[in-house]
Structure formats: C-alpha cells, structure tokens
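Let us take a walk through a protein together, one stop after another.

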Amino acid sequence: MLPATIMRRLEALTTISKQGKRLNGLFRLMEAPVLWHEAYANIYANEGAITKGIDEVTLDGFSQERVRAIITRLKSGTYRFQPTRRTYIPKKSGKKRPLGISSGDDKLVQEVVRIILERIYEPTFEESSHGFRPERSPHTALQYLDQQGDAVKWWVDMDIRDYFTTIDHDLLMTLLQKKIEDKRFLRLIQAMLKAGYLEDWQFHTTYSGVPQGSICAPILANVYLHELDCFMKTVQERFQQGEQRRPNKVYEHYSRKIYRLRKKYDTLKGKGAGKEQLQEVQRTIKSIQRLRRRYPSGDPFDPGFRRLQYCRFADDFIIGIIGSYADAEAVREEVKGFIQETLKLTIAEEKSHIRGGKKGATFVGYWIKSYSGHRVVKVKVAGRHTTRKSVSERIQLHIPPGKLQQFSSNNRYGNYQTAKAAHKVKMTMLSDAEIMLAYNAELRGLANFYALAHNVKTKMGKLQ
C-alpha cells in the first residue's frame with residue numbers, strides 16, 4: 001500500500017482531472033521512492049519482467065539504491081531511454097506482430113508514468129471504452145453492447161491498419177497537453193516515444209507509433225482513441241431519433257381481428273350459444289394469434305426511429321445502426337473521415353464492411369448477430385390474460401463459425417463435424433489423472449472465454 005500522503009496526491013490528480021483542469025507537479029511526484037516500489041510490485045511477476053532488453057538489464061536486483069540512482073538521473077536530465085529490442089510474435093492470420101522489449105530500468109520508469117497517467121485519464125474515459133482498463137475485459141464490452149437495448153439492423157465493422165505503429169507522436173503530445181501542464185513530464189513521455197528500436201543490431205528511429213510491449217503503450221493508445229469515443233458520442237446524440245417505433249400495420253390488423261372475435265365470443269356466450277360454436281370462435285382466435293406472432297408489434301423499418309450503438313476494445317470497435325442502409329453508409333463515411341483526417345490513421349478497407357444485423361459481425365472474438373424468435377410474454381389486455389410477441393429483437397452472442405473446428409484440429413482432438421475423436425500418441429504413457437488434467441487445462445480457457453455465447457454448453461459439449 002502507498003503511504004497516505006502519496007495516496008492523497010494521486011487522488012488529487014483524479015479530482016482535478018474530473019474538473020477539466022490541467023495538471024502540474026507530476027514530475028515532482030515521480031521523486032517519491034515509494035511510488036517506484038509500488039511500480040516494481042505491479043510488474044515484477046509479469047512474464048516479461050526478466051526478459052532482457054538491449055543492455056541485458058532486467059528487473060532483477062531491484063533495490064533502494066537503484067531507485068535513488070534512477071531518480072537522480074531523471075532530476076538531472078541525464079536519464080536516457082534505451083532503444084527497445086524488437087522481436088516478432090505470430091498472429092492468427094499467419095503474419096507477425098512486432099514486439100518491443102525494454103530494458104529493466106525503462107520498464108520501471110514506464111510503470112511509474114503509467115500509474116500517474118491512469119489516475120489522470122481513467123475517470124474521464126467513456127463507458128464505451130473497454131480495452132486495457134481496470135476491471136474491464138472483452139466480456140464487459142459484450143455486456144455493454146447487449147445492454148444497449150434492441151438488436152440492430154446493420155453492423156458497421158471497421159479496422160484501423162497497424163494502429164499501434166502508426167500513432168502520430170505530435171498529435172498524441174497535443175492530446176496529452178490538454179490535461180497535463182508539466183513540461184518535464186511531457187518531455188519524458190516524448191523521449192520514451194522517440195527512443196527507437198534495435199532489430200538485427202541495427203538502430204531504427206521511431207517517427208510514429210508506440211512500441212507494443214511497452215508498459216505505457218495501452219494507456220497512451222487509449223488516450224489517443226478517447227478522441228474517437230468522444231466523437232462517436234456526439235454522432236450518437238445527433239443520429240438518434242424518435243421515442244419508440246410506430247405500430248406495425250400488419251400486427252395491428254390481426255389485433256383488431258382478435259378484438260372483434262373476442263367481442264363476438266362474449267356476445268355468443270351471453271346469448272347462451274352452444275359449446276361447439278364457442279370453441280370454433282376460440283380456434284379462430286388462436287389461429288390468428290399464431291399469424292400475428294410472425295410480426296413484431298413495432299414497425300422495424302420506421303424511418304422516424306433511429307438508434308446508434310458503439311463500443312470499443314483497444315483498436316477494435318463496432319457500430320450498430322437501427323435505421324436504413326443509407327444511414328449506415330453515412331455514419332461509416334463520417335467516422336472514416338474523422339479517423340483519417342483528425343486522428344491521422346488509416347482504415348483497412350478490405351477489413352471494413354457493413355453487414356446485416358442477422359448476418360452478424362465479429363467483435364472481440366465473438367460473432368454478434370440480431371435474433372428474432374417466437375418468444376412470447378404474458379400481458380393483460382382489456383381485463384383478459386393473453387400472450388403477445390415480445391416487441392423487440394435481441395442481440396445474441398455466438399462462437400464464430402469454424403472456431404471450434406479449428407481448435408479441435410489445432411489441438412489434434414479429431415474431427416469436430418463428425419465427432420470422431422483421435423488419440424494423442426505422446427499422452428499414452430500418462431496416467432488417467434494426468435490426461436484429464438491436460439485436456440481440462442486446454443478446454444478451460446476456451447470455455448471461460450466463450451461463457452457468454454448462445455448455446456455454449458451444446459457447442460462445447462460436443463468438443464468435450
């Protein structure tokens with residue numbers, strides 16, 4: 001735990017940030033040794049903590065003397081960030097993602113900067129942002145979308161090309177200056193961005209981007225795309241129209257028929273009509289009710305009712321539109337213009353689409369689609385108990401098509417489609433308990449990730 005005085009100073013950053021004021025004294029706050037101990041406690045257990053940068057220095061050997069030495073160099077202006085050691089990790093697409101590995105001292109400085117930046121920016125980020133934030137995850141992003149209300153008619157699926165490596169440094173520093181007045185703290189961040197990288201022992205200058213693998217990269221990336229979140233909030237407020245959908249004419253037509261037949265039933269019953277005659281009227285009513293259930297009570301194509309949903313996880317974002325295809329196209333062009341002209345980023349056209357709500361789109365590893373079933377709810381109408389179809393469609397979350405087949409193939413389980421299992425020769429010498437532990441470990445992560453998916457038990461049951 002941080003001492004009370006440091007905690008109060010950090011909490012003051014949050015308060016001042018919420019008030020919209022610019023902050024100073026951040027570099028001076030970094031001189032508190034206890035903040036460096038907190039930074040070390042946060043990152044020492046990470047897998048990359050003992051990974052060497054270009055100077056072979058890791059987090060091993062952390063001490064009070066090491067902290068004092070770093071603070072002294074920072075205060076005197078002699079601290080220099082080492083270039084990151086660039087390596088590559090494979091992506092699902094078969095391509096490779098560049099990863100920058102910093103030296104041990106640089107990791108400590110980055111974590112202290114991250115702690116301060118998080119106190120400043122976390123309270124001001126929008127609810128639509130879910131990537132790299134405390135107590136947020138892909139699951140909270142999906143739940144946020146689900147809570148927005150009705151299912152959408154169109155999904156606007158856009159992809160930013162090479163986001164982390166194309167962030168404009170000058171624009172990022174301008175955005176940071178909106179909240180931060182401390183010039184020494186800003187110069188430190190700028191030096192971090194300009195440190196460059198070493199690949200095959202050749203130095204490369206970084207003119208744009210934040211190194212993936214850097215401790216500060218996630219929050220700096222969020223600061224940059226926070227501008228998109230704010231822009232989308234204004235687009236949403238301007239786009240949305242109407243309190244509720246107008247009634248569906250076909251649904252109302254059948255409702256009037258049912259109303260007249262019920263009045264006829266009451267009249268016949270009052271006159272003492274026979275049982276067969278009353279049953280015939282009831283059968284007609286049920287027949288028309290079945291027809292009515294095929295239609296929503298509200299007009300799904302009401303031009304006077306429009307809604308826009310937006311959610312972002314890191315650089316992956318999705319827009320849901322309740323409106324016409326022309327509305328979806330207009331929103332896409334407006335967002336594309338903001339990203340390219342204001343944020344100076346590039347849209348990957350081959351990965352950007354407008355898809356029908358029921359066809360669905362991929363977001364944070366899930367397949368999201370609109371669904372309208374035959375679920376009905378009981379409501380009381382004119383003193384009677386009857387059933388009526390639920391007014392709105394809903395959003396459903398699914399495991400992407402082919403995902404489990406691919407998982408089964410990659411892990412050599414066998415053929416998922418035919419449910420024909422295959423044995424693993426390397427596991428035949430293990431005990432039953434060891435075999436079960438091995439398979440459970442592989443399945444547990446997949447099952448936990450897709451816990452929100454529709455019919456997950458059926459789909460996973462087959463794999464299991």
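This is a predicted model: local features need pLDDT of at least 70, side-chain atom pairs count only at pLDDT 80 or more; totals for chains, interfaces and linings use all residues.

In soluble globular proteins, nonpolar side chains tend to be buried together. Here the largest nonpolar core has 80 residues, and W36, L176 and L228 are those with the most contacts inside it. Which helix gives the most to this core? That is helix α10, running over residues 217–239, with 12 residues. Setting aside its neighbours within four places in sequence, L228 is in contact with Y310, F317, V335, F338, I339 and L343. Apart from this core lies another one, of 32 residues, and F363, Y366, Y450 and V456 are among them.

Now let us look at how helices pack. Two packed helices are described by the angle between their axes and the distance between the axes. Take W36 as your guide, one of the residues with the most contacts inside the largest core. W36 belongs to the α3 side of a helix contact: P33, W36 and H37 in α3 meet Q64, V67, I70, I71 and L74 in α4. Sorted by class, the residues of this contact are 6 nonpolar, 2 polar and no charged. Helix α3 covers residues 33–43 and helix α4 covers residues 64–76; their axes come within 10 Å and cross at roughly 115 degrees. The crossing of these two, α3 and α4, is right-handed.

L176, also among the residues with the most contacts in the largest core, leads us to another pair. H169, L172, M173, L176 and Q177 in α8 meet L186, I189, Q190 and L193 in α9. This contact of α8 with α9 holds 6 nonpolar, 3 polar and no charged residues. Helix α8 (residues 169–177) and helix α9 (residues 183–193) pack at an angle of about 155 degrees, and their axes are 11 Å apart. Because an angle over 145 degrees counts as roughly antiparallel, α8 is roughly antiparallel to α9. As for handedness, α8 passes α9 in a right-handed crossing.

Our next pair is α11 (residues 249–270) with α12 (residues 275–292). Their axes lie 10 Å apart, and the helices pack at an angle of about 165 degrees. So α11 and α12, too, are roughly antiparallel to each other. Is their crossing left-handed or right-handed? The crossing of α11 and α12 is left-handed. On the α11 side the contact includes Y251, Y254, I258, L261, Y265 and L268, and on the α12 side it includes L278, V281, I285, I288 and L291. Charged residues take part as well: the contact of α11 with α12 divides into 11 nonpolar, 5 polar and 4 charged.

You will find E111 in helix α5. Is E111 buried or exposed? With a relative accessibility of 2%, E111 counts as buried, since the cut-off for that is under 20%. Leaving aside neighbours within four places in sequence, E111 is in contact with A39, N42, I43 and I215. E111 and W36 are 75 residues apart along the chain, yet their C-alpha atoms are separated by 8.3 Å.

Compare this with Y413. Y413 and W36 are 377 residues apart along the chain, and 47 Å separates their C-alpha atoms. Y413 is found in the loop between α14 (403–410) and β14 (414–415). Even so, Y413 is buried, with a relative accessible area of 10%. Beyond its neighbours within four places in sequence, Y413 has contacts that include F407, K420, Y439, E442 and L463.

The loop between α14 and β14 is also the place of R412. R412 is exposed, with a relative accessible area of 65%. Although R412 is not a glycine, it has a positive phi of about 60 degrees.

Our last stop is F132, in the loop between α5 (104–121) and α6 (138–146). F132 has a positive phi of about 55 degrees and is not a glycine either. With a relative accessible area of 46%, F132 is partly exposed.

Conventions:
Residues are numbered from 1 along each chain as its sequence is written. Side-chain values use heavy atoms; hydrogens and water are left out. A nonpolar core is a set of buried Ala, Val, Leu, Ile, Met, Phe, Trp, Tyr and Cys residues joined through side-chain atoms within 4.5 Å. Buried means under 20% relative accessible area, exposed over 50%, partly exposed in between (1.4 Å probe, protein chains only). Helices (H or I, at least four residues) and strands (E, at least two) are DSSP runs, numbered from the N terminus. Contact means heavy atoms within 4.5 Å. Axes are lines fitted to C-alpha atoms, for helices over the stretch in contact, and angles run from 0 to 180 degrees between N-to-C directions. Angles under 35 degrees count as roughly parallel, over 145 as roughly antiparallel, 65 to 115 as roughly perpendicular and the rest as oblique. A crossing is left-handed if the near helix is turned anticlockwise from the far one by less than a right angle, and right-handed if clockwise. Ala, Val, Leu, Ile, Met, Phe, Trp, Tyr, Cys and Pro count as nonpolar, Asp, Glu, Lys and Arg as charged, and the others, Gly among them, as polar.
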